[in-house]
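Morning, everyone. Please look at the screen while I talk. I'll start with a bond.

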Amino acid sequence: MAVILGVFGTLQYRSRYLMLYAVWLVVWVGWNAFIICFYLEVGHLSQDRDFIMTFNTSLHRSWWMENGPGCLVTPVINSNLALEDHHVITVTGCLLDYQYIEVVSSAMQIFLALFGFVYACYVSKMFMEEEDSFDFIGGFDSYGYQAPQKMSHLQLQPLYTSG
């Protein structure tokens, strides 16, 4: 939704929508930094405690765990965990562990978000400067062209006399 507002704000010259987009990007960078720390198990974060990502409602599993490059998925039918999770599997032959794919994906998201943040701030600043420097036709000087105030066939012009 924030991306749509950012595009709309750019096309419609709305700096407030761009600022909302920039705030969303800050939140997005924070979330992706958390994902990186989670999968690299920085600090006290651990993938063994699945309540962090799913609030202890199900077993956490990354999509890349089953669908990574070169991974072979084999279902395990006779397992004690089959009652808790209907998809107990073993994964073998992966070219790259799913944790590193998640980290690279989040790092790429952070890079794109930082680029988008700089873009949003720059374009928003340009829109605000254009609003401040807007000049009507003829400007504010008194000797420029001024459209007639009344619709008539005769336009009155000021008369200057020396004297």
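A disulfide joins Cys71 to Cys94, with the two sulfurs 1.8 Å apart. By disulfide I mean a pair of cysteine sulfur atoms within 2.5 Å. A search of the whole structure finds one. Now the caveats. This is a predicted model, where local features need pLDDT of at least 70, side-chain atom pairs count only at pLDDT 80 or more, and totals for chains, interfaces and linings use all residues. Residues are numbered from 1 along each chain as its sequence is written, and side-chain values use heavy atoms, with hydrogens and water left out.

Back to the bond. The torsion about the S-S bond of Cys71 and Cys94 is about 125°, so this disulfide is right-handed. What does the pair tie together? Cys71 lies in the loop between helix H4 (63–67) and strand S1 (72–75). Cys94 lies in the loop between strand S2 (89–92) and helix H5 (98–132). So the pair ties together parts that are 23 residues apart in sequence. Helices and strands here are DSSP runs, numbered from the N terminus: helices are H or I, at least four residues, and strands are E, at least two.

Is Cys71 buried or exposed? Cys71 is buried, at a relative accessible area of 14%. Cys94 is partly exposed, at 28%. The cut-offs: buried is under 20% relative accessible area, exposed is over 50%, and partly exposed is in between, with a 1.4 Å probe and protein chains only. Two other cysteines are on my list. Cys37 is partly exposed at 29%. Cys121 is partly exposed at 28%.

Let's step back to the whole chain. How many helices and strands are there? The protein chain has five helices and two strands. From the N terminus on, the order is α-α-α-α-β-β-α. Of the 163 residues, 23% are buried. Contact, for me, means heavy atoms within 4.5 Å. Take the contacts between residues at least 6 apart in sequence: 50% of them join residues at least 24 apart.

Next, the strands. Thr90 sits in strand S2. Thr90 is partly exposed, at 37% relative accessibility. Setting aside residues up to four places away in sequence, Thr90 touches Leu72, Val73, Thr74 and Val76. Look at Thr90 and Thr74. They are 16 residues apart in sequence, yet 5.2 Å apart in space, C-alpha to C-alpha.

Now the inside. In soluble globular proteins, nonpolar side chains tend to be buried together. I call a set of buried Ala, Val, Leu, Ile, Met, Phe, Trp, Tyr and Cys residues a nonpolar core if they are joined through side-chain atoms within 4.5 Å. Which residues make up the largest nonpolar core? There are eight: Ile35, Ile36, Phe38, Tyr39, Leu45, Tyr98, Val103 and Ile110. Helix H2 (15–39) and H5 are the elements that give two or more residues to this core. H2 gives the largest share, four residues. Another core lies apart from it, with five residues, among them Tyr21, Leu25, Ala113 and Ala120.

Follow Ile110 for a moment. Ile110 touches Val29, Asn32, Ala33 and Ile36, not counting residues up to four places away in sequence. Asn32 is in helix H2. Leaving aside neighbours within four places in sequence, Asn32 contacts Ser106, Gln109 and Ile110.

H2 also holds Ser15. Ser15 is buried too, at 9%. With neighbours within four places left aside, Ser15 contacts Ser124, Phe127 and Met128.

One more partner for H2. The axes of helix H1 (residues 2–11) and H2 come within 8 Å and cross at roughly 145°. Axes are lines fitted to C-alpha atoms, for helices over the stretch in contact, and angles run from 0 to 180 degrees between N-to-C directions. On the H1 side, the contact includes Leu5 and Phe8, and on the H2 side, Tyr17 and Trp24.

Last stop, a loop. Glu41 lies between H2 and helix H3 (51–54). Glu41 has a positive phi of about 55°, although it is not a glycine. Glu41 is partly exposed, at 40%.

That's my tour. Questions, please.
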